[in-house]
Amino acid sequence: MECRLGCGACCIAPSISSAIPGMPNGKPAGVRCIQLNENNLCKLFGKPERPVVCHHFKACPDVCGSSSKQAIENITELESMT
């Protein structure tokens, strides 16, 4: 599955414990990443400073569902289970 451009769920719903440029302590769950632009696209995509955890995330139907709304709901639920 390819990421849905403009979804941004993986940059909003989960917590990220590693440092992100502009967010040295990572980000809490439900907080929009500072590197997510107004079109919900990662400003660090393809750059070496992009966190490893972000690089390793791969979109899949079980996590991303069939819409951005469903992706936020699924990732939020997974986050609450961990």
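This is a predicted model: local features need pLDDT of at least 70, side-chain atom pairs count only at pLDDT 80 or more; totals for chains, interfaces and linings use all residues.
Local features are described where pLDDT is at least 70, and side-chain atom pairs where pLDDT is 80 or more, while totals for chains, interfaces and linings use all residues. Residues are numbered from 1 along each chain as its sequence is written, and side-chain values use heavy atoms, with hydrogens and water left out.

Visitor: What pattern does the chain follow along the sequence?

Guide: Helices (H or I, at least four residues) and strands (E, at least two) are DSSP runs, numbered from the N terminus. Read along the sequence, the pattern is α-α-α.

Visitor: What is the radius of gyration of the chain?

Guide: The radius of gyration is taken over C-alpha atoms, and the globule rule is 2.2 Å times the number of residues to the power 0.38. For 82 residues that rule gives 12 Å, and the chain comes close to it, so the chain is as compact as a globular protein of that length. Its radius of gyration is 12 Å.

Visitor: Is Ala71 buried or exposed?

Guide: Ala71 is placed in helix α3, residues 68–81. Buried means under 20% relative accessible area, exposed over 50%, and partly exposed in between (1.4 Å probe, protein chains only). Because its relative accessibility is 1%, Ala71 counts as buried.

Visitor: With which residues is Ala71 in contact, leaving aside its neighbours within four places in sequence?

Guide: Contact means heavy atoms within 4.5 Å. Lys47, 24 residues from Ala71 in sequence, lies 24 Å away, C-alpha to C-alpha. With neighbours within four places left aside, the contacts of Ala71 are Arg4, Cys7, Ala9, Val63 and Cys64.

Visitor: How many disulfides does a search of the whole structure find?

Guide: A disulfide is counted as a pair of cysteine sulfur atoms within 2.5 Å. The sulfur of Cys64 is 5.7 Å from the closest cysteine sulfur, in Cys60, which is too far for a bond. Across the whole structure, the number of disulfides found is zero.

Visitor: Which cysteine holds the sulfur nearest to that of Cys42?

Guide: Cys42 is in no disulfide. At 27% relative accessibility, Cys42 is partly exposed, whereas Cys64 is buried at 8%. The nearest cysteine sulfur to Cys42 is 5.6 Å away and belongs to Cys11.

Visitor: Where is Asn40 placed?

Guide: Asn40 is not a glycine, although it has a positive phi of about 60 degrees. Its place is in the segment before α1 (52–56).
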